[in-house]
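Thanks for coming, everyone. Let me put the model up, and then we can walk through a few spots.

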Amino acid sequence: MKEIHAKARTLMKGYCRVCPVCDGRVCAGEVPGMGGLGTGSSFKDNIRALAEIQFNMRCLHDVVTPDLSVSLLGFDLSLPVLAAPIGGVSFNMGGGMPEDEYILAKLTACVEAGTVGCTGDGVPDFIHESGFAAVKALDGKGIPFIKPWEDQELFTKLDKALGAGAEVVGVDVDAAGLVTLRKMGRPVAPKPVSELAAVIRRTKAKFVVKGVMTPDEAKLCVDAGAAGIVVSNHGGRVLDGTPGTARVLREVADAVRGQIAVLADGGVRSGADVLRMLALGADAVMIGRPFSVAVLGGGKEGAAQYLEKIRQELTQCMVLTGTASVREVDSRIIRGL
């Protein structure tokens, strides 16, 4: 990974420093770029909230080869980790790789590792077009996320995602406050639950709502007919002063347990962080910035090496906490819970 990070650091110069610890301190306020909005407090608290969670180490058991596999949203995954929907290489990552090459490498690495990646949306249109093309090339093995556009644009893009073969689609409602898009004549907006329900009914695919940070909105997503939610503050890139996702995940997951798939992102940097999120109630996690860095620095092989690193770390943590399966993670592995 050192060579991958070194190359990424060169290609992403001025947009991401590829810090030894990706914690949002140096890049605060650098949006566009890979930083967090404003003071960067939301990004930084994603990292801090996870770091504060300690494990109860247990070694008197027979767990030697833990089971990392999980079924989620119709996908059979070899580990509970998905690549989050990050796009916009040209203005967020330095333009060191074409958008279509980036997203295809990311999604292909995920498929070959037995999981799936997500595609992003935005302006210009080649962001979502590259994502849809990658999903189509991989026979639907990917999850396109569409921004909460006003008017017809949302429906047009959802239809294109389905046309690409996607069996799971999502809307990142946490992008609802991006005023820059409105200034460009491409407005996004929050979605009342009645409107969200109508969108879900119209969409002939499993539907995921990304950007849920409270138990009441998690319940509203169940009422609207969503198949899954992502507990997320958009990587700290849309609202300064939100809590880290690990601080709210347990109460959100408890509110809808067994009714809807619960994913989480925000600050996941290691296999230990994956296990922390699972212990708080997530069925699986998404990883964003580190995945993008790995792809920029090493293409498909870079992403594959990163996924293998996460797999090995997660396995080690499960052995040392006596956790036999990711489907049966017990909150007792977390100190104080």
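Asp139 is exposed, at a relative accessible area of 65%. Exposed means over 50%, buried under 20%, and partly exposed in between, with a 1.4 Å probe and protein chains only. Asp139 sits in the loop between H5 and strand E5 (143-146). Its phi is positive, near 55°, and it is not a glycine. Helices (H or I, at least four residues) and strands (E, at least two) are DSSP runs, numbered from the N terminus.

A word on provenance. This is a predicted model: local features need pLDDT of at least 70, side-chain atom pairs count only at pLDDT 80 or more, and totals for chains, interfaces and linings use all residues. Residues are numbered from 1 along each chain as its sequence is written, and side-chain values use heavy atoms, with hydrogens and water left out.

Now His234. Is it buried or exposed? Buried, at 16% relative accessibility. His234 also has a positive phi, about 60°, without being a glycine. Its place is the loop between E8 and H10. For context, most residues other than glycine have a negative phi, and most peptide bonds are trans.

Two bonds are cis. One joins Val31 and Pro32, with omega about 0°. The other runs from Val123 to Pro124, omega near 10°. Pro32 lies in the loop between helix H1 (2-11) and helix H2 (41-51). Pro124 is in the loop between strand E4 (118-119) and helix H5 (126-137).

On to strand E8, residues 228-231. Gly228 and Val230 point one way, Ile229 and Val231 the other, and all are buried. E8 pairs in the parallel sense with strand E7 (residues 206-212), over 4 bridges. Pairing here takes at least two DSSP bridges between the strands. Val208 is opposite Gly228. From E7, the chain reaches E8 through helix H9 (residues 215-224), in a right-handed β-α-β crossover. Right-handed means that, with the strands pointing away from the viewer, the path from the first strand over the helix to the second runs clockwise. With strand E9 (residues 261-264), E8 pairs in the parallel sense over 4 bridges. Ile229 stands opposite Val262 there. Helix H10 (residues 245-256) carries the chain from E8 to E9, and this β-α-β crossover is right-handed.

That leaves one question for the discussion. Which helix and strand pairings would you like to see next on screen?
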